[in-house]
Amino acid sequence: VGVLGPWGCDPLLARALPEVASRLAVARLNRDPVLTAGYWWDAVVLPEPCTTPQAVAGLVNAERYASAIVGPLNPAACGAAGLLAAAWNKPLVSWACAGAGAVTLVNPLPAPAGVLHSVLRYFRWAHVAVVAAPQDLWVEAGAELARELRARGLPVTVVTVAGEDEDEAEQALKRVQRADGVRVVVMCMHSVLLGGREQKVLLEKAEDLGMTDGTFVFIPYDALTFALPYRHVPYPVLANNTKLRLAYDAVLTITIDSPDASFHEALEEAKKAYEVPAHVNPTEV
């Protein structure tokens with residue numbers, strides 16, 4: 001199984017430790033006779049370039065390394081990945097490719113846009129803005145999210161980009177303020193809780209502009225794709241920054257529940273069982 005992602009060029013995604021995760025997954029697979037079905041599983045981590053053209057071009061090499069592919073993470077590569085996987089007759093397991101409709105595509109999670117749509121419909125928040133970080137992965141994720149929400153009948157009136165520069169964040173947020181009736185801002189960028197600089201700057205600027213008083217709801221997109229620990233978890237970035245902590249009152253986090261154990265707890269248990277290296281610190285992964 002090829003595990004495809006921008007592990008080498010995205011510093012935050014590199015902290016997901018794909019090699020460790022892959023080894024843990026196949027070790028547990030190979031111990032379970034129900035899942036192995038007579039096969040011996042192995043995994044290889046494949047680099048997905050951070051620029052969209054190179055990410056698409058890099059897919060061609062995946063056939064040589066794997067019988068199945070987990071990924072890609074860039075939605076713009078999904079069309080090509082789906083066609084190639086169908087031509088190779090290889091499964092493609094991707095949470096980023098929900099709308100690709102490929103023959104061999106397997107969606108391991110509910111589509112983030114579908115989950116988001118359910119929440120927005122519940123609260124009757126129709127008008128949405130999407131603000132993405134400037135990296136290709138997030139720009140494409142934001143554009144794809146806007147397309148999928150529009151296809152579900154929601155007016156997405158603003159799709160814009162904001163990086164670590166305060167002026168960029170201010171310009172993006174003023175576009176949101178000028179738009180008619182926007183209630184929700186979806187942030188397609190790394191979560192500030194995990195060290196995302198763009199989201200930190202955006203939320204602090206929103207606090208400066210008075211947008212965090214309940215007028216707007218800010219939703220992190222990335223937390224829709226993994227189980228963000230939230231029970232009894234201290235996040236130092238909030239404890240050490242008063243402005244950010246005030247701004248975070250306007251953030252609504254939608255994430256995958258992990259009722260038996262949080263991600264940190266599950267990783268600590270795997271460490272104690274010698275399934276992952278002893279030097280791994282779960283809170284830094």
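## Terms and model

A residue is called buried under 20% relative accessible area, exposed over 50% and partly exposed in between, using a 1.4 Å probe and protein chains only. The model is predicted, so to speak of local features a pLDDT of at least 70 is needed, side-chain atom pairs count only at pLDDT 80 or more, and totals for chains, interfaces and linings use all residues. Residues are numbered from 1 along each chain as its sequence is written, and side-chain values use heavy atoms, with hydrogens and water left out.

## An aromatic cluster

Let's start with the rings. Rings of Phe, Tyr and Trp (its six-membered ring) pair if their centres lie within 6.5 Å; planes under 30 degrees apart count as stacked, over 60 as edge-to-face and the rest as tilted. Searching the whole structure gives 2 aromatic pairs. Y122 and F123 are edge-to-face, because their ring centres lie 5.0 Å apart with the planes at 90 degrees. F123 also forms a stacked pair with W125, at 4.6 Å centre to centre and 15 degrees between the planes.

Together, ring pairs link Y122, F123 and W125 into a cluster. Y122 is exposed at 66% relative accessible area, F123 is partly exposed at 39%, and W125 is buried at 14%.

Now for the cysteines. With a disulfide taken as a pair of cysteine sulfur atoms within 2.5 Å, the count comes to 2 disulfides. One joins C9 to C50, with an S to S distance of 2.0 Å; this link is right-handed, with 90 degrees about the S-S bond. C9 sits in the loop between β1 and α1 and C50 in the loop between β2 and α4 (52-58), 41 residues apart. C9 is partly exposed at 36%, as is C50 at 29%.

The other disulfide joins C78 to C97, S to S 1.9 Å, and is left-handed, with -80 degrees about the S-S bond. C78 belongs to helix α6 (residues 78-88), while C97 lies in the loop between β4 (92-93) and β5 (105-106), 19 residues away. Both C78 and C97 are buried. C188 is in no disulfide, and the nearest cysteine sulfur, that of C78, is 14 Å away. C188 is buried, with a relative accessible area of 0%.

How values were computed
Helix = DSSP H or I, 4+ residues; strand = E, 2+ residues; numbered from the N terminus.
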